[in-house]
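Thanks for making time today; I would like to walk you through one structure, a few residues at a time. Please have the sequence and the model open while I talk.

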Amino acid sequence: MIQAKDGGSALPTRVTVVEVGPRDGLQNEPQQVATQVKVELIERLVAAGVGKVEAAAFVSPRWVPQMADGAEVLRRVARSPGALYAALVPNLKGFEAALAARADEVVVFSAASETFCRKNINCSIAESIERFAPVCEAAHRAGIAVRGSISCSLGCPYEGAVRPEAVARVARLMKDIGVQQIGVADTIGVGTPRATQAAFEAVLAVYPLQAVSGHFHDTYGQALANIYACLQMGVSTFDASVAGLGGCPFARGATGNVATEDVVYLLNGLQIETGIDLDRLVQTGQWISGVLGRKAATRAGNAISARAGTD
C-alpha cells in the first residue's frame with residue numbers, strides 16, 4: 001500500500017484491471033460485430049498487458065444476439081500464458097457451454113433491485129440465486145473460479161436509490177452459494193464517492209477486501225471519482241471497458257463503462273502498477289472505435305492519440 005498524497009488512506013500499490021469491453025462493451029452494439037474483430041480486440045488488449053478479459057457471454061442469442069459467437073471467439077483467440085479469459089453465464093446450460101469453450105472463469109449476476117432483476121433476467125433476486133447455485137457447484141468441481149456481479153448497487157432506473165443493506169443482502173446470498181469474488185456495479189452511473197463507499201462498506205462486511213471489485217459507468221462523470229474513493233478503502237480490482245464501450249439497455253441515457261484508458265491514466269498518475277502499456281491500450285481503443293465507426297468515449301485516450309498524431 002502507498003500513502004495517498006492528499007494525506008488520506010493508503011492506496012494499493014498494484015491494481016488489477018478487468019477488461020470487459022469484448023463482452024459488456026460489445027453486447028449492446030446495434031450492428032453485428034464480426035467474430036474475427038472480437039478475437040483481434042481480445043488479443044490486442046492482452047498484448048497491451050491486460051491480464052484478465054471478459055471475452056464472451058453464453059446467454060440466449062435471442063436476447064443478446066451480439067454474443068451468439070462466444071464459443072467461436074474463445075476457440076479462435078490465441079491464449080497468452082498468464083492471461084485469464086472469463087465468460088458470463090446465466091445458468092447451468094451456459095456454464096456447460098463456457099466449460100466446453102475452455103473459459104478460465106465464469107461470471108454470474110444478480111441485482112440489488114428486484115425490479116431491475118426481473119427486467120434484466122426475468123426472475124426475482126432469490127430465483128436468480130437459486131439458478132446460480134448449481135453453476136457454482138459445477139464450477140467448483142471443475143476447478144473454475146466463480147465471480148459474481150451485483151447490478152444497480154448504487155441506483156436503479158425503476159426504484160431509484162438503492163440502500164447499502166440491499167447490496168449486502170445479495171452479496172451474502174452469493175457467498176452462501178459459493179461465489180468467490182464479488183463485483184459492486186454502478187450499472188447506470190449515478191453513484192458518487194460517499195454513496196460508493198457506503199455500498200462497499202456493506203459488502204466488505206460479507207467478503208474480504210481482496211475478493212471485492214468495482215464496476216462503474218460514467219453516465220454522470222463520476223466513475224473515476226468513485227474508483228478513487230474505492231482505492232482509499234484498499235479496493236484493488238476494477239472493471240473497465242476500452243474506449244468506454246458499453247451501456248445499459250434498461251436505463252435511458254446510461255452511457256458506457258468507464259474507459260480503460262482513463263482508469264490506467266489515473267492509476268499511472270498515482271504510481272499504482274497495472275502491468276498495462278497505456279500507449280498500446282490507446283491504440284487498441286482508437287482501432288476498435290474506428291471499426292465501429294465512432295469516436296472513442298475516453299478523454300485520456302483521445303488526448304493521447306491526438307498528441308501522438310501531432311508529434
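The backbone nitrogen of C152 lies 2.8 Å from a polar atom of the side chain of T187, and that is where I would like you to look first. This is a predicted model, in which local features need pLDDT of at least 70 and side-chain atom pairs count only at pLDDT 80 or more, while totals for chains, interfaces and linings use all residues. Residues are numbered from 1 along each chain as its sequence is written, and side-chain values use heavy atoms, with hydrogens and water left out.

T187 is found in the loop between β8 (181-186) and α8 (193-204), where helices (H or I, at least four residues) and strands (E, at least two) are DSSP runs numbered from the N terminus. T187 counts as buried because its relative accessibility is 11%; buried means under 20% relative accessible area, exposed over 50%, and partly exposed in between, with a 1.4 Å probe and protein chains only.

C152, for its part, sits in the loop between β7 and α7 (164-176), and it counts as buried because its relative accessibility is 0%. Phi of C152 is near 55°, a positive value in a residue other than glycine. Most residues other than glycine have a negative phi. R102, in the loop between α4 and β6, also has a positive phi, of about 65°, although it is not a glycine.

How many disulfides does a search of the whole structure find? The search finds zero, a disulfide being a pair of cysteine sulfur atoms within 2.5 Å. For C152, the nearest cysteine sulfur is that of C156, 4.7 Å away. For C230, the nearest cysteine sulfur is that of C152, at 17 Å, and C230 counts as buried because its relative accessibility is 0%.

Not counting residues up to four places away in sequence, A112 touches I125, I150, S151, C152, S153, V162, A166, V167 and V170, where contact means heavy atoms within 4.5 Å. One of these, V167, is 55 residues from A112 in sequence, yet the two are 5.2 Å apart in space, C-alpha to C-alpha. A112 counts as buried because its relative accessibility is 10%.

Let me turn to E54, in strand β4 (residues 52-57). Is E54 buried or exposed? E54 counts as buried because its relative accessibility is 2%. Its side chain is joined to that of R147 by a polar contact of 3.3 Å. A polar contact is a pair of N or O atoms within 3.5 Å; within protein, one must be able to donate a hydrogen and the other to accept it, and residues adjacent in sequence count only if both atoms are side-chain atoms. Leaving aside neighbours within four places in sequence, the residues in contact with E54 are E19, V20, P22, R23, A86, V107 and R147.

Now the pockets. The largest pocket has a volume of about 1,000 Å³. On a 1 Å grid over the protein atoms alone, a pocket is an open set of points where a 1.4 Å probe fits, with protein on both sides within 12 Å along at least five of seven lines, and lining residues have an atom within 4 Å of a point. Grid points are joined across faces, edges and corners, and a volume is the space filled by probe spheres set on the points.

Of the 43 residues lining the largest pocket, the closest to its centre are Q27, V64, L88, F109 and N120. Two or more lining residues come from each of α1 (21-25), α4 (92-100), β6 (105-111), α5 (114-121) and β7 (145-151), and α5 gives the most, with four. The lining divides into 18 nonpolar, 16 polar and nine charged residues; here Ala, Val, Leu, Ile, Met, Phe, Trp, Tyr, Cys and Pro count as nonpolar, Asp, Glu, Lys and Arg as charged, and the others, Gly among them, as polar.

The second largest pocket has a volume of about 310 Å³, and of its 14 lining residues D218, G221, D262, A297 and R299 are the closest to its centre. D262 belongs to helix α10 (residues 260-269), where T260, E261, D262, V263, V264 and L267 are buried.
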